[in-house]
Amino acid sequence: MASYFDLVFDIPNSSSFTYQVDDKKLASAGKRAMVPFGRRELTGYIIGERDTLPMGVKEESVKKIRRVVDADPLFGTENVELAKWMADYYLCSLGQALSCMIPSGRRAIVPVFPDIEESSEQSLSISDEQAAALGAITKDADNFPQIFYLYGVTGSGKTEVFLRAAQHVLNQNKSVIYLVPEISLTHQTANMIGSRFGSLAATLHSGMTPSTRLSEWVRIRKGDAPIVVGPRSAVFAPVPNLGLIIIDEEHDGSYKSSNTPRYHARQVALKRCQIIAENKGDARLVIGSATPSLEAWKLMEDSKTIKRLDLSRRLSGGIMPKIKAVNLETSTSCITKELKEEILATAAMGRQTILFLNRRGFAYFYKCKSCGYEQTCRSCSVSLTWHKTKNKCICHYCGYSESVPKVCPGCGSVEAGYRGFGTEMIEEEVRLTFPDLRVRRVDADTAGKKGGLEDTLAQFKAGLIDILLGTQMVAKGLNFPGVRLVGVVLADTGLHLPDFRAAERTFSLIVQVAGRAGRYFPDGKVIIQTLRMNDPVIVKSCAMDVAGFYKAELGQRLALNFPPYSRIIRFVIRARDEKKADSAINRLASFAKPLVSGGIDLLGPSECPIGIINNNHRRQLIIRGENMSTIHAVARKTMSLYEKGKDTKVYLEIDVDPVSML
Ligand code: ADP
Ligand code: ZN
Ligand code: ZN
């Protein structure tokens with residue numbers, strides 16, 4: 001029995017610490033333990049056991065574990081190997097990496113599993129394209145990992161291919177992880193998988209309580225649930241004998257974590273499959289989307305590492321909808337005449353409309369014409385949004401709110417007011433314009449209410465709502481037969497953002513939301529209202545010219561040397577004190593500059609596009625280079641120099657392969 005145990009902690013310090021324990025039977029690698037750490041008590045992860053102390057550590061300095069948290073190990077060597085890679089790649093500590101993988105619950109609470117009848121084999125006969133894709137995915141191979149990209153137009157039956165591939169892998173007594181974007185899709189897909197695979201399925205998501213998460217984790221680890229569905233974090237599910245990871249809607253931003261370590265589920269999934277391949281196993285990765293990320297698209301174009309599988313047609317009676325761009329500039333109302341007529345025509349047929357606008361609230365920009373006063377958050381450098389039903393102006397970044405000004409707070413003029421519309425204003429306008437139609441809004445404000453989103457979607461599906469109006473929540477994955485019309489109220493909301501992915505994001509959002517129309521009947525229509533009729537992003541998304549858009553956008557990225565033609569690591573400094581933020585970013589830059597050589601450049605130091613969030617001043621420095629290993633080296637060296645003698649109350653955030661540059 002081991003005498004000592006090595007622990008790591010969820011802190012930036014990357015070393016491990018050795019402890020001893022009174023009852024040696026309780027402690028073992030893979031369990032969590034509570035230990036004294038400096039003046040605090042911390043929960044750590046036991047990553048190793050040893051009979052002798054590490055060199056230079058004295059017996060009398062070794063502290064004792066106070067309590068072992070887990071009865072059985074929660075993680076094994078595979079988890080530690082993956083966490084080591086994460087720490088290395090995402091520049092965090094091993095403890096931080098483990099902590100983001102493993103549930104934090106103390107006690108497993110056995111969840112009540114709904115009695116789901118395992119449905120018999122689907123009667124659906126699959127199409128030739130689906131059969132070809134499935135054949136490729138399940139074919140015997142001799143080099144691993146096998147990676148596939150199921151590139152299929154919206155509504156082309158990707159899900160059916162995923163489910164059958166999963167069934168194939170389960171039949172071989174291997175396990176499957178099925179990743180879906182956050183929000184509505186988790187629930188929708190979990191239900192579908194539950195009804196097909198019954199109690200073999202488990203869900204892991206952030207909405208669960210830590211104890212429920214923990215018990216699902218334990219069940220999965222025991223091999224009792226060989227198919228796991230969930231968002232980003234489900235990529236860590238401890239399934240034994242992993243055979244397949246599916247990533248649905250790969251372009252979705254929720255696959256990238258916004259907390260340390262800022263991992264991307266696609267990258268982690270690939271690594272898990274590679275680790276299995278190195279151990280002579282066969283784990284496959286199947287990714288799918290109608291609008292792949294530019295990174296994935298480029299990989300498909302110039303390498304044989306990802307095999308592209310095409311699904312070009314809709315299968316359940318629909319065809320791709322007709323799309324029309326309409327100029328909003330010349331319209332007096334935010335519902336143009338064209339859109340209004342189509343909504344009425346759709347309702348007259350007894351069919352449904354989805355209206356999409358990527359901005360919630362009533363109006364979002366307060367400006368005084370006489371003195372130029374602009375209403376911004378007192379803690380963030382962004383405008384407040386007027387929420388009319390709450391009768392408040394709210395900051396969407398920190399939640400700060402204040403009452404609505406009657407006159408300009410700067411000069412008392414009445415010539416001041418809000419401009420720019422949000423979902424709440426559109427809802428009011430739609431209700432006034434169509435008093436006889438049943439309208440429902442879904443966005444972060446309405447979905448917060450318990451059951452709000454699911455309830456609304458169920459009612460929409462049942463035909464009890466004529467017009468569903470909302471933000472991204474209505475753009476993602478919804479599959480409703482009754483929808484004939486999709487209206488995009490303002491397509492260009494995200495185009496002006498100072499982020500090199502602004503065009504990609506706008507394009508994919510328009511194509512995805514347009515894809516909600518005409519899924520079951522060949523009469524789908526889409527109206528895209530815009531202030532930039534000639535913008536290439538608008539033109540190409542209206543033409544559903546995916547390949548054309550990628551070609552043009554790749555050209556832009558190449559010209560500007562942005563990913564996927566380069567790799568990026570972004571440092572963000574955050575501090576309450578502006579001077580401290582400035583001096584920290586300058587120190588960081590002064591360490592990085594001498595390390596830069598051919599093929600690498602620095603962008604900044606500069607203020608972040610959103611310079612203040614929650615009273616924290618934000619500064620950035622971007623390291624850019626041809627490949628990851630060289631910029632990793634620069635980043636590591638810079639960080640270690642910076643660590644020595646750094647200021648207090650200044651925080652460094654590290655983002656490898658950032659997806660948001662705001
Ligand atoms: P995607 O994920 O590609 O957007 P879905 O998987 O949601 O598309 O499929 C769209 C619709 O097509 C679903 O209602 C599904 O049941 C149906 N479908 C899938 N495969 C077939 C098939 N082989 N024959 C008929 N309908 C199909
Ligand atoms: Zn004024
Ligand atoms: Zn704020």
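Me: What does buried mean for a residue, and which residues are examples?
Reply: A residue is buried under 20% relative accessible area, exposed over 50%, and partly exposed in between (1.4 Å probe, protein chains only). In this predicted model, Cys377 and Cys380 are both buried. Local features here need pLDDT of at least 70, side-chain atom pairs count only at pLDDT 80 or more, and totals for chains, interfaces and linings use all residues. Residues are numbered from 1 along each chain, ligands are numbered from 1 in the order in which they are written, and side-chain values use heavy atoms, without hydrogens and water.

Me: Which residues coordinate the zinc ion (ligand 3)?
Reply: Donors are N, O and S atoms within 2.8 Å of the metal (3.2 Å for Na, K and Ca); water is not among the atoms, so sites may look incomplete. Here the SG atoms of Cys377, Cys380, Cys395 and Cys398 coordinate the zinc ion (ligand 3) at 2.2 to 2.4 Å. Their spacing in sequence is C-x2-C-x14-C-x2-C.

Me: Why is the arrangement around the zinc ion (ligand 3) called tetrahedral?
Reply: Four donors count as tetrahedral if all angles lie between 85 and 135 degrees. The 4 donor atoms around the zinc ion (ligand 3) subtend angles of 103 to 113 degrees, so the arrangement is tetrahedral.

Me: Which residues coordinate the zinc ion (ligand 2)?
Reply: Cys368, Cys371, Cys408 and Cys411 do, through SG atoms at 2.3 to 2.4 Å. Along the chain these donors follow C-x2-C-x36-C-x2-C. The angles around the zinc ion (ligand 2) are 106 to 114 degrees, which makes this arrangement tetrahedral.

Me: How many residues surround ligand 1?
Reply: A residue is near a molecule if one of its heavy atoms lies within 4 Å of it. For ligand 1 there are 17 such residues, with Gln130, Gly155, Lys158, Thr159 and Tyr520 the closest. Domain 2 (120–311) and domain 3 (322–361 + 421–556), with bounds from an automatic or database domain assignment, both give residues to this shell, so ligand 1 lies between them.

Definitions and conventions: Tetrahedral: all angles 85-135°; square planar, octahedral: opposite > 155°, others 65-115°.
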